Amino acid sequence: MDEKITGNKRKRSNSVTLKKKKKRKKVLSKKQIKILENDNKSLSNLLFGDIMDEQENETNDDINKVIGEELEEKKKNNKNEYDSDSEDEDEDNNKEKKKKRPAWIDNDDQSMKIKLTSTKKTKNNLKKLKKTLDKKEVITGPEFEDRLRDHYLKYNPTTNWEELPSEKEEKEEEMIHQKLLRNYERILDNSENRLLQPDFIGVKYLQVANSSEKSKSAINSTQFHNNGQLLLTGGYDKTLRLYQVEHKKNHRVQSAFFPDLPIKSAFFTNLGDQAICTGRRDFFYSYDLVSGQMDRVETLMSRDEKSFEDASISPNDKYINLRGNNGTSIFVSNKTKNWLFDLKMNGSIRSSCFSPDELYYYTSGGDGEVYKWDMRTRKCLKRYKDDGCLCATSLAISPDLKYQVVGSKSGIVNIYNHESASLVDENIEFNENIERSELRNYYNPTPLKTLTNLTTSITQMKFNHDSQLLAISSIKTKNSFRFVHIPSLTVFSNFPAGNNNLNYVSSFSFSPNSGYIAIGNDKGKVLLYRLLHYQQV
């Protein structure tokens, strides 16, 4: 048995050696092939010599050129792709920095439906978010979120009045696109209902605007800044105060005490960098809001006036108008605070106002006549008698130059067509075709509407920015304040209501876009109301 096993082992070993030999033979055959190829090449070189070298060199050069061009193109493409990718990444990063992504999104908001109705059980008043007259308006979750955000921004506008102009411009450029998108749908929805309805005016009481620091006297002057975020108040307590207007609480931003001037009239310049304060003194103050500096302007040209209670500024900030004695209107340069010229009417001057384009100036007084002055030639162009008036106490011109309003001592308010009331007499005297009855209408125009809602002397009248509202007031009796709907020439009956105790209204002011109205009274309070028809402040 042992011999058989050893014999098998030998056979296996012999077979393995044979396989190894065969593999070695195959390897040697490959080497031989390579050697033969090299030998053939050497023979061809010996036979053909330089011709084969040149051809090979040319083909190699062509191949290298093609390969080089392809590599350069690939490098350029890679660079462009890298640059574009990097630019896209930078833009994406910038956008991600500018736009804050929500930390979490609920997919159920898309399917959510919310009814904008309120019941006694739910007690959630969602009517303020409505945009249509549908009683059962239903909206989705994202739309509900947008409306809540817009409603918050109505009552909490951004406070950018203290920022530098460069910072304001940068922020405005960043937010302008978002504002346009946010307001686009709102404008389309309200395109049919932009006109104020004559039957009812939506007014909501917010708060006492000067609750952080109340005045110790009656509020003689109130005015909003052009940005709508600052409110100015002034009174006989000799203090000028500025408040930041917010929905919840108004903080006092700045105050200035004038030791020798009880303030009767105070107002911003149209640029918004200064405030002018006048009173029962023969001087007035100019207050710089930025630096806090108070400049006292002494008696002008040794005049006899001992009081400059009533004052105003022209729409283009060119003139400061002071009412003097014996029907004299004094004009002072707003830049230099120097006297420029006077305009004098018959009798005493009780009220005055500029036209919105600053080309004309209007005065009225104790004789019940209204004067129209040309500010370029400084001459009286027209003079007419207010219908049924013995003493005119207030004047107002609408911003759209369509209406002219005169208030009297008896509480009667006459509303005139501005064009007919402003026609010049000289152009009509030589026209023989006009009858006497028509000529009377040119000299003494008839009012479009006579309002008799107030029974005491009209102390103040103001139009809002779009000439749809006129506010009139009298300080002689309590709650003597009315809103007039100008397109229909009617008075709103729902304000002031029984629960609105305005007391004796001493001053009031609309915000730039009529979103707010501030009403000052004899108690030293400024009552802040929201006009719901106007979405912007």
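The side chains of E369 and R383 meet in a salt bridge at 2.5 Å, N to O; the term covers a side-chain nitrogen of Lys or Arg within 4 Å of a carboxyl oxygen of Asp or Glu. This pair links distant parts of the chain, with E369 in strand β18 (residues 369–374) and R383 in strand β19 (residues 379–385), 14 residues apart. Strands here are DSSP runs of E, at least two residues, numbered from the N terminus. E369 counts as buried at 17% relative accessibility, while R383 is partly exposed at 38%. Buried stands for under 20% relative accessible area, exposed for over 50%, and partly exposed for what lies in between (1.4 Å probe, protein chains only).

A word on the model: it is predicted, so local features need pLDDT of at least 70 and side-chain atom pairs count only at pLDDT 80 or more, whereas totals for chains, interfaces and linings use all residues. Residues are numbered from 1 along each chain as its sequence is written, and side-chain values use heavy atoms, leaving out hydrogens and water.

Back to the charged pairs: the count comes to 12 salt bridges. Another one joins R376 and D374 at 3.3 Å, N to O. Here R376 is exposed, with a relative accessible area of 54%, and D374 is buried, at 9%. Salt bridges with shared partners also tie E213, D237, R241 and R252 into one network.

Next, have a look at an open sheet of 4 strands, in the order β4-β5-β6-β7 with antiparallel pairing; two strands pair if DSSP finds at least two bridges between them. β4 and β7 (251–257) stand at the edges with a single partner strand each, so one side of each is left without a neighbour in the sheet. Even so, 5 of the 6 residues of β4 (residues 219–224) are buried, so this strand is largely enclosed by the rest of the structure. Its partner β5 (residues 230–235) is joined to β4 by 5 bridges. S221 stands opposite G234, and F224 has L231 as its bridge partner. The two strands form a hairpin with 5 residues between them, and G228 in the turn has a positive phi of about 75°.

Finally, the largest nonpolar core holds 19 residues, and F483 is one of those that touch the most other members. Such a core is a set of buried Ala, Val, Leu, Ile, Met, Phe, Trp, Tyr and Cys residues joined through side-chain atoms within 4.5 Å.
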